[in-house]
Amino acid sequence: MSIHGDDAYDLGHTAAGWTGTAVATLGSGLCALGVITTWKALVFAGSGVLVLALLIAWALHLAGWGKPSGPRPVEQWDWRARDTSAREGHPDCLGCRLAGRQGARRTHSTAAVEPAESDFQIPDSTLA
């Protein structure tokens with residue numbers, strides 16, 4: 001068993017993620033309370049807070065407090081680390097494209113892929 005930060009995975013904890021999650025939890029709670037009390041205004045207020053959570057997380061991501069797709073270098077795993085590549089835009093990031101940041105497009109490797117070895121045989125299905 002390992003403690004967070006000691007494992008080999010970039011879990012993606014960022015200031016944008018934590019803030020967006022906290023505000024969305026508040027919005028979900030307001031919606032739930034509105035459903036329980038049957039007060040429509042509270043449901044609409046909670047829905048508004050949910051939209052606000054989305055906008056806050058997006059703005060923080062664009063400001064560099066989020067993370068690009070995929071694993072980051074180990075020195076950037078701390079949730080307080082700022083993403084220095086956010087200004088140009090992240091490759092294949094919908095949020096960055098919506099903000100007009102193109103970023104470098106991710107190019108897919110054209111290297112030949114060898115099939116994995118398998119005991120499975122495909123029978124010849126030609127008719128005689």
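**Burial, helices and a surface patch**

Mentor: Of the 128 residues in the chain, 23% count as buried, where buried is under 20% relative accessible area, exposed is over 50% and partly exposed is in between (1.4 Å probe, protein chains only). This is a predicted model, in which local features need pLDDT of at least 70, side-chain atom pairs count only at pLDDT 80 or more, and totals for chains, interfaces and linings use all residues. Residues are numbered from 1 along each chain as its sequence is written, and side-chain values use heavy atoms, with hydrogens and water left out.

Trainee: What is the mean pLDDT of the chain?

Mentor: The mean is 78, and 71% of the residues reach 70 or more; pLDDT is the predictor's confidence in each residue, from 0 to 100. Over residues 107-116 the pLDDT is below 50, and that stretch has zero contacts in the model beyond near neighbours in sequence. Contact means heavy atoms within 4.5 Å.

Trainee: How many helices and strands does the chain have?

Mentor: There are three helices and zero strands, in the order α-α-α from the N terminus. Helices (H or I, at least four residues) and strands (E, at least two) are DSSP runs, numbered from the N terminus.

Trainee: What does H1 span, end to end?

Mentor: H1 covers residues 15-37, 23 residues in all, and reaches 33 Å from its first C-alpha to its last, close to the 33 Å expected at 1.5 Å a residue. The expected span is 1.5 Å times one less than the number of residues. After H1 comes Thr38, with a positive phi near 55°.

Trainee: Which residues of H1 are buried?

Mentor: Ala15, Ala16, Gly20, Val23, Gly27, Cys31 and Gly34. What covers them includes H2. On spacing, an α-helix has 3.6 residues a turn, so residues three or four places apart point the same way.

Trainee: Take Cys31, then. What does Cys31 touch?

Mentor: Not counting residues up to four places away in sequence, Cys31 touches Leu42, Val43, Gly46, Ser47 and Leu50. Cys31 counts as buried because its relative accessibility is 14%.

Trainee: Switching to the surface. Which residues make the nonpolar patch?

Mentor: Val51, Leu55, Trp58, Leu94 and Leu98 make a patch of about 490 Å². Patches are made of residues with over 30% relative accessible area and no salt bridge, like charges being joined within 9 Å and nonpolar side chains (Val, Leu, Ile, Met, Phe, Trp, Tyr) within 5 Å. A salt bridge is a side-chain nitrogen of Lys or Arg within 4 Å of a carboxyl oxygen of Asp or Glu.

Trainee: Which helices supply the patch?

Mentor: H2 (40-65) and H3 (94-98) each supply at least two residues, with the largest share, three residues, coming from H2. Leu55 has its place in H2 and counts as partly exposed because its relative accessibility is 43%.

Trainee: Last one: what does the accessible surface of the chain come to?

Mentor: About 9800 Å², of which 64% belongs to carbon and sulfur atoms. Accessible areas come from the Shrake-Rupley method with a 1.4 Å probe, and for residues only the protein chains shown count as cover.
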